[in-house]
Amino acid sequence: MLLSLLLQLANSVGLAVFGAAIGAGLVVLGAGLGIGRIGGQAMEAIGRQPEAAGRIQTAMLIVAALIEGLALFAVVVCLLISFKL
């Protein structure tokens, strides 16, 4: 049932658009999981060494911003593929 629906969608819209939508979803999922893991590990590190909280938080924010930027770039690339620009 689901496979036939996906095949109909792929044939009507095109494989590039379908692949771009899957790619954008995977990018958002991966970025969310990555940023969540960074935040959790940073909180663990701050709990173990409270005196290093400032340095840990700074590093966490920098890495989270880099992941966010990469995810935004990847979603834009997927959108450009779907619009065939």
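Me: Start with I22. Which helix does it lie in?
Reply: I22 lies in helix 2. Helices are DSSP runs of H or I with at least four residues, strands are runs of E with at least two, and both are numbered from the N terminus. One caution: this is a predicted model, where local features need pLDDT of at least 70, side-chain atom pairs count only at pLDDT 80 or more, and totals for chains, interfaces and linings use all residues. Residues are numbered from 1 along each chain as its sequence is written, and side-chain values use heavy atoms, with hydrogens and water left out.

Me: Is I22 buried, exposed or partly exposed?
Reply: I22 is partly exposed, because its relative accessible area is 45%. Buried means under 20%, exposed over 50%, and partly exposed in between, with a 1.4 Å probe and protein chains only.

Me: Which residues make a nonpolar surface patch with I22?
Reply: L26, L29 and L33. With I22 they make a patch of about 420 Å². Patch residues have over 30% relative accessible area and no salt bridge; like charges are joined within 9 Å, and nonpolar side chains (Val, Leu, Ile, Met, Phe, Trp, Tyr) within 5 Å. Areas come from the Shrake-Rupley method with a 1.4 Å probe, and for residues only the protein chains shown count as cover.

Me: How far apart are I22 and C78?
Reply: They are 56 residues apart in sequence and 8.9 Å apart in space, C-alpha to C-alpha.

Me: Back up to the fold. How many helices and strands does the protein chain have?
Reply: Three helices and zero strands. Along the sequence the pattern is α-α-α.

Me: What are the limits and span of helix 2?
Reply: Helix 2 covers residues 15–48. Its 34 residues reach 49 Å from first C-alpha to last, close to the 50 Å expected at 1.5 Å a residue. The expected span is 1.5 Å times one less than the number of residues.

Me: Which residues of helix 2 are buried?
Reply: A20, G23, A24, A31, A42 and A45. They pack against helix 3. Contact here means heavy atoms within 4.5 Å.

Me: Which residues form the largest nonpolar core?
Reply: A42, A45, A52, I56 and M60. Helix 2 and helix 3 (53–83) each supply at least two residues of this core. A nonpolar core is a set of buried Ala, Val, Leu, Ile, Met, Phe, Trp, Tyr and Cys residues joined through side-chain atoms within 4.5 Å.

Me: How much of the protein chain is buried?
Reply: Buried residues make up 18% of its 85 residues. The chain exposes about 6300 Å², and carbon and sulfur atoms supply 75% of that.

Me: New topic. How many salt bridges?
Reply: One. The rule is a side-chain nitrogen of Lys or Arg within 4 Å of a carboxyl oxygen of Asp or Glu. The side chains of R48 and E44 meet at 3.6 Å, N to O.

Me: Where do R48 and E44 lie?
Reply: Both lie in helix 2, four residues apart, about one turn of the helix. R48 is exposed, at 60% relative accessible area, and E44 is partly exposed, at 45%.
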